[in-house]
Amino acid sequence: MTKEYAKLILPHNEDDDLDEIWEVIFFKQINYFLTHAPIPLVWQSKLKKLNNEYTAYLTLTDQTAIQEEITSIFSQAIQYPENFLEAFHVFQTERSQQKRQVIKTQNPHELTNIIEQWLKVETDYATYWSHPICLENDIKVAQSQEPDPMTIIADLSQAEIILKSTSIHCLKENYNILPEGVKKEVKRLTLLAKK
């Protein structure tokens with residue numbers, strides 16, 4: 001990358017501290033991942049932009065990226081249990097681990113690896129809930145708006161009472177009688193699993 005092009009990607013004044021500019025950009029991006037719903041296309045776009053900004057920062061400060069071997073921390077696929085309440089708790093635990101890793105990350109290469117792993121966790125969870133029949137209803141959902149976890153727990157507990165079961169198969173077979181909150185979340189996750 002040329003310095004002229006780097007200046008377009010990372011605009012600044014001559015007396016600006018580029019180290020400080022980069023730290024602010026990196027912190028903002030970490031904060032974004034910690035506070036926004038994981039939407040794969042959006043997050044991958046954010047990572048691409050961040051890596052371009054990092055390359056621009058390195059170019060403007062006459063540095064080269066340290067190519068370090070980053071190993072996958074969560075390489076095994078998650079096997080979600082048949083019990084949908086347990087599956088929800090497993091997912092929340094995995095998501096918390098991913099967030100802790102994001103907080104500890106020191107550079108965009110590490111962050112990219114962690115976010116890719118996190119998105120895999122999210123995709124596996126969405127696939128677990130995926131139920132094409134829900135796409136036939138008129139329920140409106142925003143994929144980027146996650147419900148509060150405590151609300152979902154309450155809705156899933158209500159579903160358990162209605163179904164007299166915590167089986168994900170039973171839940172899908174009886175989708176039409178589920179509480180509205182569960183129907184909406186199944187639809188949201190089904191839409192995410194399609195991407």
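Analyst: Since this is a predicted model, what follows is computed from its atoms. Met-1 counts as partly exposed, because its relative accessibility is 42%, and that value falls between the 20% limit for buried and the 50% limit for exposed.

User: Where does Met-1 lie relative to α1?

Analyst: Met-1 belongs to the segment that comes before α1, the helix spanning 3-9.

User: Switching to pockets, how much space lies in the largest one?

Analyst: The largest pocket holds about 400 Å³ of space. Its lining is made by 26 residues, and those that lie nearest its centre are Pro-38, Phe-91, Arg-95, Glu-122 and Glu-146.

User: Which helices supply at least two residues each to that lining?

Analyst: For the largest pocket, these are α3 (40-60), α4 (84-104), α5 (108-129), α6 (149-163) and α8 (180-193).

User: What does the lining of the largest pocket look like by class?

Analyst: It has 13 nonpolar residues, together with nine charged and four polar ones.

User: OK, what about the second largest pocket, how much space is in there?

Analyst: About 170 Å³ of space lies in the second largest pocket, and the residues lining it include Lys-140, Gln-145, Thr-151, Asp-155, Lys-184 and Arg-188. Both α6 and α8 supply at least two residues of this lining, with the largest share, four residues, coming from α8. By class, the lining of the second largest pocket has five charged, four nonpolar and three polar residues.

User: How many cavities of 30 Å³ or more does the structure hold?

Analyst: There is one cavity of that size in the structure, and about 60 Å³ of space lies in the largest cavity.

User: Which residues line the largest cavity?

Analyst: The lining consists of Phe-88, Tyr-125, Trp-129, Ile-152, Leu-156, Gly-181, Val-182, Glu-185, Val-186 and Leu-189. Two or more of the lining residues come from each of α5, α6 and α8, and α8 gives the largest share, with five residues.

User: And how does that cavity lining split by class?

Analyst: Eight residues in the lining of the largest cavity are nonpolar, while one is polar and one is charged. Ile-152, Gly-181 and Glu-185 are among the residues that line this cavity, and these three residues are also found in the lining of the second largest pocket.

Key: Residues numbered from 1 in each chain as written. Predicted model: local features only at pLDDT ≥ 70, side-chain atom pairs only at ≥ 80, totals over all residues. Heavy atoms only, no water. Buried < 20%, exposed > 50% of the residue type's maximum accessible area, 1.4 Å probe, protein only. 1 Å grid on protein atoms, 1.4 Å probe; cavity = no way out; pocket = protein on both sides within 12 Å on 5 of 7 lines; lining within 4 Å. Points joined across faces, edges and corners; volume = space filled by probe spheres on them. Nonpolar A, V, L, I, M, F, W, Y, C, P; charged D, E, K, R; others polar.
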